[in-house]
Amino acid sequence: MHAPVELADIAADVLARIKSRAPRVHCITNSVAQAYTANILLAAGAIPSMTIAPEEIAAFVAGADALLVNLGTFDAERKSAIDLALGAAEQGDKPWVLDPVFIERSPARAQFAQGLVGRGPAVVRLNHHEFAALAGGDAAGDAPLRFAKKHNTIVALTGATDVVSDGERSAKVDNGDALMGLVTGMGCAGSALVAAALVVERDRYLAAIAALVALGVAGEVAAESAPAPGRFASWIIDALFGLDRATLRARSRIS
Amino acid sequence: MHAPVELADIAADVLARIKSRAPRVHCITNSVAQAYTANILLAAGAIPSMTIAPEEIAAFVAGADALLVNLGTFDAERKSAIDLALGAAEQGDKPWVLDPVFIERSPARAQFAQGLVGRGPAVVRLNHHEFAALAGGDAAGDAPLRFAKKHNTIVALTGATDVVSDGERSAKVDNGDALMGLVTGMGCAGSALVAAALVVERDRYLAAIAALVALGVAGEVAAESAPAPGRFASWIIDALFGLDRATLRARSRIS
Amino acid sequence: MHAPVELADIAADVLARIKSRAPRVHCITNSVAQAYTANILLAAGAIPSMTIAPEEIAAFVAGADALLVNLGTFDAERKSAIDLALGAAEQGDKPWVLDPVFIERSPARAQFAQGLVGRGPAVVRLNHHEFAALAGGDAAGDAPLRFAKKHNTIVALTGATDVVSDGERSAKVDNGDALMGLVTGMGCAGSALVAAALVVERDRYLAAIAALVALGVAGEVAAESAPAPGRFASWIIDALFGLDRATLRARSRIS
């Protein structure tokens with residue numbers, strides 16, 4: 001087990017390695033969240049790309065270090081792009097993150113997401129409604145741990161308290177601010193940050209924790225100067241951009 | 001007739017009810033305006049969704065409380081999405097707002113918009129160029145009132161002064177700031193706010209006035225601290241987020 | 001040859017003419033950059049439009065004063081839109097700017113961009129990676145000048161130092177701030193500003209320099225108050241909105 005202060009240091013290490021290695025993260029994501037996701041990745045030091053065109057997506061994923069598959073704005077072209085992108089990710093052994101946005105609102109989307117779990121996402125990042133729709137009957141109590149174990153993945157379940165589990169270990173992250181829920185694309189951007197973290201931290205459980213802690217602490221720092229969602233959306237980018245080890249140590253609440 | 005101060009109170013009531021009921025607004029809108037529209041809705045307390053995929057849009061509209069149909073970025077997929085969404089809205093008796101963006105620039109778009117008027121939008125929100133293209137020969141003087149009466153809808157015509165009419169009643173709203181015209185998606189976001197207001201106020205004429213007054217007053221508040229369009233775009237979100245009854249009473253200019 | 005102070009004045013003139021003439025710029029651009037590009041154009045005084053629907057794009061380009069063709073998010077619909085838009089631009093003799101985003105990441109995209117160079121862009125705006133992919137074997141030293149001469153276009157090569165050449169004249173622009181590279185869509189927005197400048201300045205070499213100097217100086221002004229990328233993204237819009245002749249004269253670094 002890692003002590004909380006150790007996890008804060010790991011988060012600081014992960015951020016530092018993202019800044020120095022500038023991992024390329026290819027994002028298949030909804031058009032609502034694209035710009036915000038790109039700006040969060042750039043602030044962290046990663047390089048985003050976003051095309052979904054069938055002629056070129058395999059080339060982009062082959063040239064990237066990690067992949068984000070977000071199901072928001074789910075259309076035929078995106079489904080086909082996802083299939084091509086996963087093929088390239090599998091061939092290049094690149095980690096990918098599944099973000100099954102709003103699957104509780106559409107059976108077609110939920111079914112598609114369940115199929116994607118079988119293709120081996122390194123991490124599944126989602127909220128409680130989405131987890132309930134993905135996990136079906138088994139969504140209470142230790143369900144994230146059971147889901148992670150069964151599907152050999154990491155569950156990163158975000159909410160007032162985030163829960164991360166790899167099927168053996170589990171951690172709770174109590175960072176963040178309610179304003180994060182009032183900025184469209186924040187969850188999607190968090191998933192993209194998890195993808196960047198996977199490139200520089202081989203223990204994907206620690207990578208997921210690091211990304212969630214970093215974004216949550218950035219949210220707390222931002223909320224102190226920007227107490228409403230418009231400015232907060234920019235301030236959290238700046239807080240992430242300038243996030244240092246001392247702030248992570250002082251503010252991380254991991255148990 | 002409602003006295004101006006009464007209308008300011010109605011606007012405050014509508015905002016309070018949006019905050020407490022958190023209506024779901026499904027938005028078919030152009031990719032330029034999606035993120036800004038979502039953030040305005042979130043700041044007001046509503047829950048946006050934005051998919052246009054044929055496999056799922058009916059499910060999203062069925063689970064929503066109101067629908068926005070914005071014609072910006074008008075392509076084959078969006079036209080088909082609009083048809084499916086209107087079918088679901090009609091079946092569920094959900095109010096919908098038509099925003100015929102830029103129809104003065106394209107005969108194909110104008111013709112499509114005219115067809116949509118026949119499907120019974122609760123409110124048509126548009127600017128003067130768009131109204132002229134939609135109303136054809138009859139766009140001067142009391143044309144908004146005549147258009148509303150003829151098509152059994154509410155016309156919400158925005159500009160330096162907004163005009164709202166249901167075919168019997170008419171109101172002028174003199175709130176807002178010129179910077180609102182320099183933020184892309186502001187009109188589209190206003191239409192989405194009208195859709196949210198329709199969920200909590202059955203008199204759709206009052207709902208439209210309430211949404212326009214709220215956004216206009218938020219714009220005035222924002223312009224005081226943010227006198228240029230970049231920051232203004234965030235500040236108006238924050239002003240809407242924090243808009244209270246006293247500010248609405250003090251600033252509403254409705255006649 | 002123009003003296004640097006003369007070029008600063010030309011940039012100020014170009015900005016003033018954009019403000020007074022409000023040119024319409026139709027942008028075929030990636031969904032990541034659409035909103036930011038639109039907001040930069042609006043801040044400068046231009047009128048953006050963004051549709052790519054085949055039914056209407058020719059009408060939009062026919063009603064516009066200039067066209068931007070950006071290859072980010074490159075899909076079948078966009079390729080067909082580009083072809084229709086270029087047809088309308090050629091027919092109306094309207095200037096257009098090519099922005100071959102990320103062509104170094106995809107052979108299909110690079111090949112398509114090379115074909116577009118043959119259709120006569122007024123200006124090609126791109127970074128060093130993209131220029132290397134576009135120019136093939138000849139990308140070192142005076143390659144921008146040779147490329148411009150060979151293809152009868154203007155090369156506007158942006159980076160720490162921007163290089164602009166028309167095949168005879170060459171200028172270096174040393175304005176800008178590193179934060180510009182951390183805001184998604186900044187390069188795309190710069191290309192759109194070049195398109196707006198082409199409408200009001202017939203010497204396309206001067207138009208390209210004016211747009212790059214204006215955006216670079218705005219970036220420097222913004223970085224003084226907003227030293228991190230989230231706020232910087234809004235502040236540079238505001239700096240461009242308020243950019244005056246004195247600031248351009250004091251800060252332009254053109255050689």
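How many bridges join β6(C) to strand β7 (residues 162-165) of chain C, and do the strands run parallel or antiparallel? There are 3 bridges, and the two strands run antiparallel. Here strands (E, at least two residues) and helices (H or I, at least four) are DSSP runs, numbered from the N terminus. Two strands pair if DSSP finds at least two bridges between them.

This is a predicted model: local features need pLDDT of at least 70, side-chain atom pairs count only at pLDDT 80 or more, and totals for chains, interfaces and linings use all residues. Residues are numbered from 1 along each chain as its sequence is written, while chains are lettered from A and ligands numbered from 1 in the order in which they are written.

Start with chain A as a whole. It holds 11 helices and 8 strands. Its radius of gyration, taken over C-alpha atoms, is 17 Å. The C-alpha trace spans about 45 × 35 × 35 Å along its principal axes. Of the 255 residues in chain A, 65% are buried. A residue is buried if 20 or more other C-beta atoms lie within 10 Å of its own, exposed if 12 or fewer, and partly exposed in between, with C-beta atoms placed from the backbone. Contacts tell a further part of the story. Two residues are in contact if their C-beta atoms, placed from the backbone, lie within 7 Å. Among contacts in chain A between residues at least 6 apart in sequence, 74% join residues at least 24 apart.

Now look at one helix of chain A. Helix α6 spans residues 128-135, and its buried residues are A:E130, A:F131, A:A133, A:L134 and A:A135. Their cover includes α5 (107-117), β5 (123-127), α7 (143-151) and β6 (154-158) of chain A. Just after α6(A), A:G136 has a positive phi of about 65°.

Move to chain B for the sheet. Its 8 strands form an open, mixed sheet in the order β2-β1-β3-β4-β5-β6-β7-β8. The edge strands, β2 (47-49) and β8 (170-173) of chain B, each pair on one side only. From one strand to the next, the twist averages 20°. Angles run from 0 to 180 degrees between N-to-C directions; axes are lines fitted to C-alpha atoms, for helices over the stretch in contact. Helix α2 (residues 34-44) of chain B packs on this sheet and touches β1 (24-28) and β2 of chain B. Its direction makes about 160° with that of β2(B). Helix α8 (residues 186-200) of chain B lies across β1, β3, β4, β5 (123-127) and β6 (154-158) of that chain, at about 155° to β3(B). Within the sheet, β3 (residues 66-70) and β4 (residues 96-99) of chain B pair in the parallel sense over 4 bridges. B:L68 has B:V97 as its bridge partner in β4(B).

In β6 (residues 154-158) of chain C, 5 of 5 residues are buried. In a regular strand the side chains alternate between the two faces of the sheet. In β6(C), C:I154, C:A156 and C:T158 lie on one side, C:V155 and C:L157 on the other, and all are buried. Strand β5 (residues 123-127) of chain C runs parallel to β6(C), joined by 5 bridges. C:R125 stands opposite C:A156 there. Toward β7(C), C:V155 stands opposite C:S165. A hairpin through 3 residues joins β6(C) to β7(C).

Two loop residues deserve a glance. B:N152 sits between α7 (143-151) and β6 of chain B. Its phi is near 50°, positive in a residue other than glycine. C:D93 lies in the loop between α4 (76-92) and β4 (96-99) of chain C, with a positive phi of about 55°.

Finally, see how the chains meet. In all, 25 residues of chain C are in contact with 23 residues of chain B. On the chain C side, α2(C) gives the most, with 6 residues. A rotation of 120° with 0.0 Å of shift along its axis superposes chain C on chain B (RMSD 0.0 Å). The two copies are thus related as by a three-fold rotation axis. The superposition is by least squares on the C-alpha atoms of residues with pLDDT of at least 70 in both copies.

Note on methods: Rg over C-alpha atoms; globule rule 2.2 N^0.38 Å.
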